[in-house]
Amino acid sequence: MSVTGVLLCVAALLGISVAAAPNSRKPWANFATYGACALVCAAALSFAVAALIGSDTSTLILPLGLPWLGMHFRVDPLAAAFLAVVNFGGVAASVFALGYGRHESAPQRVLPFIPAFLAGMNLVVVADDAFAFLLSWEFMSLTSWALVVSHDRSAETLRAGLVYIVMASLGTLALLFAFGILAGPDGQYAFSSMRAHGLGADATMAVLFLALLGAGSKAGIFPLHAWLPLAHPAAPSQVSALMSGVMTKVAVYAFIRIVFDLLGPIDWRLGMVVIGVGTVTALYGVLYALMQHDLKRLLAYHTVENIGIIFVGLGLALAFRANGFVAAAALAATAALFHVFNHSAFKSLLFFGAGAVQNATGERDMDRLGGLIHAMPRTAMAFLIGAAAISALPPLNGFASEWLIFQAAFLSPAFPQWGLRLLAPASAAILALSAALAAACFVKAFGVTFLGRARSDAAKLACEADKISLAAMFGLAGACIFAGIVPGYFTNLLAPAAQFLTTARIPAQPLAAPWTSLLPVAASHNSYSGFVIAACLIVATALASLAMHLFANRATRRSAAWDCGYPDTSPLTQYTAGSFAQPIRRVFATMAFRARETVEMPVPGDAAPAQFRVRLWDPAWELLYAPVAAAVNFLADRINVFQFLTIRRYLGMVFFALVFLLTVLALWT
Amino acid sequence: MIATVFMLAVQAILVLLLAPLLTGIVRTAKARLLRRRGPSVFQPYRDIFRLLRKETVVAHNASWLFVAAPTFVFAATWVAATLVPTFTFDVGLGAAADLIAIVGLLASARFGLALAGLDTGTSFGGIGASREMMIATIAEPAMLMLIFSLALVAGTTRLPDIAFFVQSPVLGLRISLLLAFVGFAMIAVAENGRIPVDNPATHLELTMVHEAMLLEYSGRHLALMELAHAMKLLLYVSLIAVVFVPWGVAPARGSLMQFTTAFLMYGGKLYIGAIVLALFEVTIAKMRVFRVPQFIGVALMLGLLAALLRLVSGGL
């Protein structure tokens with residue numbers, strides 16, 4: 001039932017895409033396309049939630065694709081959970097784009113690709129055989145690539161597009177090999193037959209690493225993330241939100257589908273690998289983010305961080321499952337899935353906010369913004385809620401899911417293996433570090449962009465975003481608050497998916513009374529209630545305001561800022577993104593990025609300005625990408641010789657190739 | 001339900017009333033140790049009432065966030081302080097928030113405070129916000145590591161349960177708890193902006209952290225911020241008292257006698273805590289800002305060590 005519904009929605013999205021292509025320059029095209037996308041995604045969302053509540057599995061085989069295979073589609077609780085996330089993000093981005101898209105320089109360029117991109121992401125999640133999966137995966141990659149490069153023609157965008165397409169192809173290649181191993185020698189490409197036959201230890205390990213490479217590069221795990229902060233910000237903001245908030249989740253889905261579902265039992269050591277990869281990703285993601293002064297790039301790096309948090313949850317779930325602790329595994333899996341939803345909500349919100357800022361000022365560089373809270377109070381409010389949510393502050397949703405991951409890590413003394421017992425708390429400490437760094441980073445992002453005084457004329461002349469964009473932002477802000485206050489509702493909803501992955505579920509949270517607490521596992525007494533915290537905060541705020549109203553002197557006077565008696569009139573004396581991060585850079589980046597600060601003072605009498613430079617060294621780029629790129633360039637230069645040969649030599653080469661192949665064939669058989 | 005609300009109200013009023021007194025005792029004790037007479041221990045109350053009577057000045061370009069932040073910071077700190085058991089294990093809403101949630105609430109308050117520091121667009125606000133967040137980035141993981149070592153000992157992250165476990169005779173001698181105690185004390189010093197991390201008595205530009213964020217505040221806003229700061233100190237002293245010396249804390253639904261002795265014991269613990277803090281502060285010099293990470297890093301290492309010790313040997 002639900003699979004048919006979702007596929008109909010996919011067909012409708014593809015239809016919208018085809019219809020939008022010739023009409024994209026018409027004045028109504030923007031409204032019609034995004035409106036239709038929002039409606040179709042809302043329909044798909046309702047199918048997904050219905051499937052999740054009913055926790056039913058429905059399958060469908062269409063006579064498309066490979067003639068002997070057909071195309072298998074299936075919606076099970078895991079797919080339903082991710083369909084819900086994809087389409088929730090789809091609805092939000094479409095509504096935002098209804099308002100935002102009108103202000104773009106060339107909205108018609110991206111218009112046909114957005115419905116196709118949404119359709120591709122839905123297809124990946126419902127695919128139930130390797131052929132359908134890889135086809136939709138590649139379709140999703142190519143449409144998102146088109147969205148990145150079609151936007152504008154700057155050299156930076158083209159470079160982002162190049163890096164992205166190379167990384168996307170590499171990822172697909174890795175997934176192709178992973179499915180090849182899973183399919184076995186008989187070429188069983190349907191997921192149902194992959195599930196049926198198990199793999200040896202070596203093959204399992206190979207598939208896990210290939211999945212980390214293939215799905216992980218799309219999700220943005222360190223050090224494969226390098227394309228992400230280039231490509232995500234280059235696209236228009238609704239697309240950035242979709243790529244960062246939703247497409248990375250489809251990649252997480254691919255990882256879960258392959259590793260949890262298709263692979264069967266997994267050794268605990270591989271769980272350790274996933275925890276380790278997630279931890280490093282979380283820490284490096286947030287450290288990179290702290291060094292940025294481009295608002296959208298900062299947000300893209302935070303996606304890397306949050307993907308790391310999700311992978312830590314998944315790794316814990318794998319490790320617990322390998323040891324047979326299904327209740328703890330269910331807790332970790334639920335935490336990871338809840339964080340998937342939460343991240344898609346607040347990251348979309350933050351990208352919308354960044355888009356609204358870019359629209360109003362034409363700037364993405366925080367060091368040229370400032371003081372926007374006066375011109376854009378509502379955008380600032382929504383962005384603030386998103387910033388607090390991503391910084392894992394109670395009572396918002398980011399805290400609820402990170403709390404669950406911490407609780408899962410606290411169950412680590414149960415592990416019989418020493419490695420896991422030590423790794424889990426260490427990784428919890430690093431998650432706490434990355435949460436604290438994220439809070440610092442968002443104080444910086446919000447403070448430098450929205451607070452203080454305007455640093456440029458563009459920031460001075462900004463005006464508030466339009467009502468539809470604001471509605472989308474506040475809808476997501478509401479979702480962040482709601483999921484933070486009654487997380488039990490969401491964990492209940494995600495329980496069938498966690499049960500599908502780990503055969504157990506976390507205790508059902510009593511929904512009749514949402515103020516009762518979130519319980520991680522039945523045996524422990526730990527509990528957290530976002531509802532009570534929020535209620536207490538509201539009561540305390542009300543009491544404090546009332547007391548101030550009754551007892552305090554209410555006279556308020558506006559005056560110049562005091563600033564220890566020496567206020568400087570130039571807004572350039574304010575803290576910038578770089579100066580705010582300077583203490584943290586000194587503490588962490590000296591090691592992580594070999595940050596070097598140099599001050600060049602002119603000789604006395606010289607009127608030249610003094611210069612302060614910071615040099616950062618990107619380990620992922622320098623150690624992984626640059627050598628590979630250099631090797632490719634070197635080989636290309638050498639192979640280039642073959643381009644200018646005479647026809648005789650080409651014919652000779654064909655002849656020798658033929659002889660060589662025939663010899664090999666003769667020796668082989 | 002009524003009992004819960006009543007206990008909550010008792011806790012809330014108690015921390016609110018006692019917090020300035022604790023700050024006053026620390027200040028007086030410091031003055032005496034420096035051979036000054038110092039102000040009365042009730043001076044912080046007078047300061048707050050004086051601030052409340054005064055006109056509030058707000059900078060021209062301050063936004064609604066600057067005006068709302070004191071109330072939010074106060075409310076978040078107040079809720080967090082209310083959730084820490086003081087003289088009884090029954091804090092009303094112990095189930096709503098464990099130790100991680102309390103740390104989270106303090107992080108929320110800090111988030112609001114740092115943003116308020118940036119709002120007026122002055123360089124001092126920026127310096128304070130930036131340094132405060134830098135200190136927090138190390139103090140928070142250290143705190144979590146310490147919580148983890150406690151959770152390993154007691155099997156829970158709920159504060160009343162941890163305290164109840166420490167109080168119980170099964171405990172014996174635990175080195176991991178001792179390490180955690182030292183770690184907690186260091187975090188408390190750092191988080192409350194005391195010497196050697198920050199000097200609460202100075203307006204010397206280059207060294208201030210917390211005061212720099214409050215520089216633009218005045219009148220009722222400043223009163224709320226000062227009260228929140230005092231409550232945070234009370235919170236940490238109560239936290240250390242209830243986790244590491246939980247003896248004498250009244251059980252839930254105890255007798256009146258038990259409550260009275262528990263209350264007096266709590267007062268005694270606060271007094272000792274204040275004197276120890278004052279002693280510590282007068283015997284040590286303020287550190288350079290960039291040495292602070294090393295100081296808090298020690299707390300992080302202590303937390304790791306405590307957790308490791310507990311993992312390696314179940315008995316310690």
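Me: Which strand of chain B does strand 3 of chain A pair with, and in what sense?
Reply: Strand 3 of chain A pairs with strand 1 (residues 56-59) of chain B in the parallel sense, over 4 bridges. Two strands count as paired if DSSP finds at least two bridges between them. Strands (E, at least two residues) and helices (H or I, at least four) are DSSP runs, numbered from the N terminus.

Me: What stands opposite Ser559(A) there?
Reply: Ala59(B), in strand 1 of chain B.

Me: Before I go on, how should I read the numbering and the model?
Reply: Residues are numbered from 1 along each chain as its sequence is written, and chains are lettered from A and ligands numbered from 1 in the order in which they are written. This is a predicted model, in which local features need pLDDT of at least 70 and side-chain atom pairs count only at pLDDT 80 or more, while totals for chains, interfaces and linings use all residues.

Me: OK. How many residues does each chain give to the contact?
Reply: Chain A gives 71 residues and chain B gives 70 residues. Two residues are in contact if their C-beta atoms, placed from the backbone, lie within 7 Å.

Me: Which element of chain A gives the largest share?
Reply: Helix 17 of chain A, with 14 residues. The elements giving two or more residues to that side include helix 17 (418-450), helix 21 (530-551) and strand 3 (556-559) of chain A.

Me: And how do the residues on that side divide by class?
Reply: The side of chain A that touches chain B has 44 nonpolar, 21 polar and 6 charged residues. Ala, Val, Leu, Ile, Met, Phe, Trp, Tyr, Cys and Pro count as nonpolar, Asp, Glu, Lys and Arg as charged, and the others, Gly among them, as polar.

Me: Switching to helices. How do helix 1 and helix 2 of chain A pack?
Reply: Helix 1 (residues 2-23) and helix 2 (residues 29-54) of chain A pack at an angle of about 170°, with their axes 9 Å apart. The axes are lines fitted to C-alpha atoms, for helices over the stretch in contact, and angles run from 0 to 180 degrees between N-to-C directions. Helix 1 and helix 2 of chain A are therefore roughly antiparallel to each other. That label applies to angles over 145 degrees; under 35 is roughly parallel, 65 to 115 roughly perpendicular, and the rest oblique.

Me: What classes of residue make that contact?
Reply: The contact of helix 1 with helix 2 of chain A has 15 nonpolar, 4 polar and no charged residues.

Me: And helix 8 with helix 10 of chain A, what angle and distance?
Reply: Helix 8 (residues 201-219) and helix 10 (residues 237-262) of chain A also have an angle of about 170°, and their axes are 8 Å apart. They are therefore roughly antiparallel to each other. Their contact divides into 11 nonpolar, 2 polar and 1 charged.

Me: Back to strands. Is strand 2 of chain A enclosed or open?
Reply: Strand 2 (residues 71-75) of chain A is largely enclosed by the rest of the structure, because 5 of its 5 residues are buried. A residue is buried if 20 or more other C-beta atoms lie within 10 Å of its own, exposed if 12 or fewer, and partly exposed in between, with C-beta atoms placed from the backbone.

Me: Which residues are on each side of strand 2 of chain A?
Reply: Met71(A), Phe73(A) and Val75(A) are on one side, and His72(A) and Arg74(A) on the other. Strand 2 of chain A is joined to strand 1 (residues 58-62) of chain A by 5 bridges, running antiparallel. Ile61(A) stands opposite His72(A).

Me: How many residues of strand 5 of chain A are buried?
Reply: The count is 0 among the 5 residues of strand 5 (residues 611-615) of chain A. Strand 5 pairs with strand 4 (residues 596-600) of chain A in the antiparallel sense over 5 bridges, and Val599(A) stands opposite Phe612(A).

Me: Where are the cis peptide bonds you know of?
Reply: One joins Phe222(A) and Pro223(A), with omega about 0°. Another joins Pro394(A) and Pro395(A), with omega about 5°. Pro395(A) is in the loop between helix 15 (377-390) and helix 16 of chain A.

Me: What about Ala392(A), what is its phi, and is it buried or exposed?
Reply: Ala392(A) has a positive phi of about 60° although it is not a glycine. Ala392(A) counts as buried, because it has 30 C-beta neighbours inside 10 Å.
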